[in-house]
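Reader: I have a model to look at and some questions about its parts. Please take them one at a time.

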Amino acid sequence: MASSTLICDTQPWKDLKAHLEDVKKTHLRDLMNDTDRCKSMMLEFDGLFLDYSRQCATADTIEKLLTLAEAARLKHKITSMFSGERINTTENRPVLHVALRASRDAVIECDGTNVVPDVWQVLDKIREFSERVRSGAWVGVTGKPLKDVVAIGIGGSFLGPLFVHTALQTDPEASECAAGRQLRFLANVDPIDVAKNITGLNPETTLVVVVSKAFTTAETMLNARTLREWISSSLGPEAVAKHMVAVSTNLTLVEKFGIDPENAFAFWDWVGGRYSVCSAVGVLPLSLQYGFPVVEKFLKGASSMDQHFNSTPFEKNIPVLMGLLSVWNVSFLGYPARAILPYSQALEKFAPHIQQVSMESNGKGVSIEGLPLPFEAGEIDFGEPGTNGQHSFYQLIHQGRIIPCDFIGVVKSQQPVYLKGEVVSNHDELMSNFFAQPDALAYGKTPKQLLSENVAQNLISHKTFSGNRPSLSLLLPSLTAYNIGQLLAIYEHRIAVEGFIWGINSFDQWGVELGKSLASQVRKQLHASRKKDPVEGFNFSTTTMLTKYLEASADVPSEPSSTHIPKM
C-alpha cells in the first residue's frame with residue numbers, strides 16, 4: 001500500500017464493507033450456538049483469558065480483519081515502533097514507552113543508541129531515592145520522616161499513576177508496603193483541588209513531586225508554586241530543596257524553582273504523556289508509596305504483554321485482535337463508543353485513564369499524511385466499575401444505543417469476604433453479574449419469551465431486549481502489581497493497533513493546543529481587567545460572559561497583599 005493511500009481505498013477494506021451485509025443478517029443468539037466458532041474466539045496468555053465470541057463477527061470476519069492488517073502493514077508498523085523509528089512524524093519522535101519496562105539486558109535502539117541503560121539508570125536512581133525516603137534516611141528540614149507524598153501533574157502525568165495507585169491500594173502486598181504512608185495527586189488548577197490535597201497534611205512530613213517535562217505546563221507549575229508557598233510559609237524557603245523533587249528534563253528551570261537538580265528524575269521525548277506511567281512520572285510517586293520492588297512487578301507485567309504483542313502471530317495476539325475488533329465496531333458497524341466495565345472496584349480509575357489514552361491518541365480527523373478521513377475513526381470511551389454501572393447507564397446499553405462493551409473480571413479478589421449463611425461469597429456475587437451481563441446483551445429477550453412468562457401485553461414492548469449487542473470479556477487471574485501492568489499494556493497496544501489500521505498518528509495531540517492558546521489570551525485579559533481595563537478583542541458572547549464574571553468577582557484584588565492558601 002502506497003504511503004499516500006487511505007486504508008479505505010484498499011481491497012480488504014472494501015471486502016469488509018461488502019461482508020457487512022452478511023453479518024447484519026446474523027444474530028448473536030445464533031452465532032453463540034456455534035461451539036467451534038466460540039472456541040476459535042478464545043485466547044489465553046500468561047494467566048489472562050480473552051473471550052471475544054460475543055462480538056458481532058464470524059470466523060470470516062476475523063480472517064478479513066487480519067487481511068486488512070496486512071494491507072495496513074501492521075506488522076511493519078509494530079516493528080518500527082519497537083525499533084525506535086520516528087513513527088510520530090508530526091513531532092519527529094520515536095515512540096518507545098515499551099523501553100520503559102524492558103528488562104535490564106534488553107536492547108532497544110533510538111538513533112543507533114540502546115536506550116535501555118538510560119532507562120535503568122533512572123530506575124536505579126528512583127529505587128535508591130525512594131528507599132532513602134521510606135527508610136527515614138532522607139528526612140524533612142525539621143528532621144521528621146517524609147511519610148506523605150503529593151504528586152503534581154496533569155493529563156498523562158496524573159491519570160495513569162492515579163489508576164495504578166488506586167488499583168494497588170487494596171492489594172495485600174502493596175497495602176502492607178504502604179502502611180503509614182499517603183499518596184495524593186494534585187492535577188486540577190482549581191484551588192479546590194489544592195485545598196483537598198493539603199487537608200490533613202503537615203508540611204514537615206510532606207514531599208512534593210512536581211511532574212512536568214519542560215517545567216512549563218501552566219496548570220502544573222501554578223500548583224507547584226502554590227505548594228512551594230505552602231511549604232515555605234511554614235518551614236522557610238530553605239525547606240523547598242528537602243521537600244520538593246521533580247520529574248523533568250529542564251534542569252535549569254528546576255534549579256531556578258528551588259529544587260536541587262540532583263533530585264530531578266529524567267524522562268525522554270520519546271515518551272508521550274499518556275504513555276508515561278511506566279517512566280519516572282509514575283514510578284517515582286508509586287515507589288515512594290509502595291516501594292520499588294512492588295512497582296518493578298508492575299513493570300514486568302507490562303513488559304510481558306509488550307513481548308506478546310511484538311512476537312505473537314496476529315490470530316493469537318490479544319492487543320491486535322482487540323484493536324481489529326474496535327476498528328470493525330467503529331468503522332464498519334458504526335458503533336462510535338466503547339464502555340470499559342471492570343468488575344473490580346480497585347479498577348475504578350482505569351476507564352478514565354484509558355479514556356485519555358484512547359481519545360487523545362485516536363481522536364483524529366486526518367491521516368498521518370494529512371489527508372481528511374472519509375470514514376469514522378476514534379472511540380468515545382467511558383466506564384464505571386460493575387455493579388455500580390449497572391445502576392447507572394446499563395439501561396441505555398441494553399435497550400438504547402448499541403455500545404460495544406469490555407467486561408473485565410478478576411478470578412481472585414484482593415479483599416475476599418465470606419459471610420456465614422450467604423449463598424455465595426461477596427466476590428462470587430460480583431462475578432455473577434460479570435458472567436450474566438454479556439449474555440444478556442448478546443441474547444436479549446424476545447416478545448415470545450415474555451408472553452410465555454405471562455407478561456402483560458401492554459408491557460411486552462417495554463420489556464423486550466433486542467440483544468445482538470457486542471461485548472468481549474477479559475478475565476485476570478488476580479489483581480497484583482504484575483496483572484495491573486499486563487492490563488495497562490493490553491490497552492496501550494490495542495489503541496496503537498487501531499491507529500495503525502486507520503493510518504493516523506496516535507502519538508501526537510495537536511487538538512489540545514488551540515484551547516491552551518486561547519486561554520493564554522483570556523489570562524492576559526483577566527489580569528488587565530482586574531486593574532480596571534475594559535474587556536476587548538473577544539466576540540460578543542465571550543465578552544459578555546467575561547464581563548459578568550469580572551463584575552461578580554470584583555472583590556478579587558489585582559495585586560494580593562499577602563498569599564492565601566485555602567484550608568478545608
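**Salt bridges, cysteines, helices and sheets**

Author: Glu498 and Arg494 form a salt bridge, with their closest N and O atoms 4.0 Å apart. A salt bridge here is a side-chain nitrogen of Lys or Arg within 4 Å of a carboxyl oxygen of Asp or Glu. The model is predicted: local features need pLDDT of at least 70, side-chain atom pairs count only at pLDDT 80 or more, and totals for chains, interfaces and linings use all residues. Residues are numbered from 1 along each chain as its sequence is written, and side-chain values use heavy atoms, with hydrogens and water left out.

Reader: How far apart are Glu498 and Arg494 in terms of helical turns?

Author: Both residues lie in helix H21 (residues 481–502). Helices (H or I, at least four residues) and strands (E, at least two) are DSSP runs, numbered from the N terminus. Because Glu498 and Arg494 are four residues apart in H21, their separation is about one helical turn.

Reader: Is Glu498 buried or exposed?

Author: Buried means under 20% relative accessible area, exposed over 50%, and partly exposed in between (1.4 Å probe, protein chains only). The relative accessible area of Glu498 is 0%, so Glu498 is buried.

Reader: Which helices does the salt bridge between Glu173 and Lys297 link?

Author: The side chains of Glu173 and Lys297 meet in a salt bridge at 2.7 Å, N to O. The pair links distant parts of the chain, 124 residues apart. Glu173 is in helix H8 (residues 172–177) and Lys297 is in helix H14 (residues 292–311), which gives H8 and H14.

Reader: Which residue forms a salt bridge with Lys445?

Author: Lys445 counts as partly exposed because its relative accessibility is 26%. The closest N and O atoms of the pair are 2.9 Å apart, and the partner is Glu453.

Reader: How many salt bridges does a search of the whole structure find?

Author: The bridge between Lys445 and Glu453 is one example. A search of the whole structure gives a total of 20.

Reader: How many disulfides are found?

Author: A disulfide is a pair of cysteine sulfur atoms within 2.5 Å. Cys38 is in no disulfide, since the nearest cysteine sulfur, that of Cys56, is 13 Å away. For Cys177 the closest cysteine sulfur is in Cys278, and at 19 Å this is too far for a bond. The search of the whole structure finds zero.

Reader: How are helices H1 and H4 directed relative to each other?

Author: The axes of helix H1 (residues 11–24) and H4 come within 9 Å and cross at roughly 165°. Axes are lines fitted to C-alpha atoms, for helices over the stretch in contact, and angles run from 0 to 180 degrees between N-to-C directions. Angles under 35 degrees count as roughly parallel, over 145 as roughly antiparallel, 65 to 115 as roughly perpendicular and the rest as oblique. H1 and H4 are therefore roughly antiparallel.

Reader: Which strands are the edge strands of the sheet of six strands?

Author: Two strands pair if DSSP finds at least two bridges between them. This open sheet has the order S1-S2-S13-S12-S10-S11, and its pairing is mixed. Each edge strand pairs on one side only, and the edges are strand S1 (42–45) and strand S11 (380–383).

Reader: Which residue in S9 stands opposite Ala246?

Author: An open sheet of five strands, with parallel pairing, has the order S6-S5-S7-S8-S9. Its edge strands are S6 (182–186) and S9 (264–265). Two bridges join S8 (residues 244–247) to S9. The residue in S9 opposite Ala246 is Ala264.
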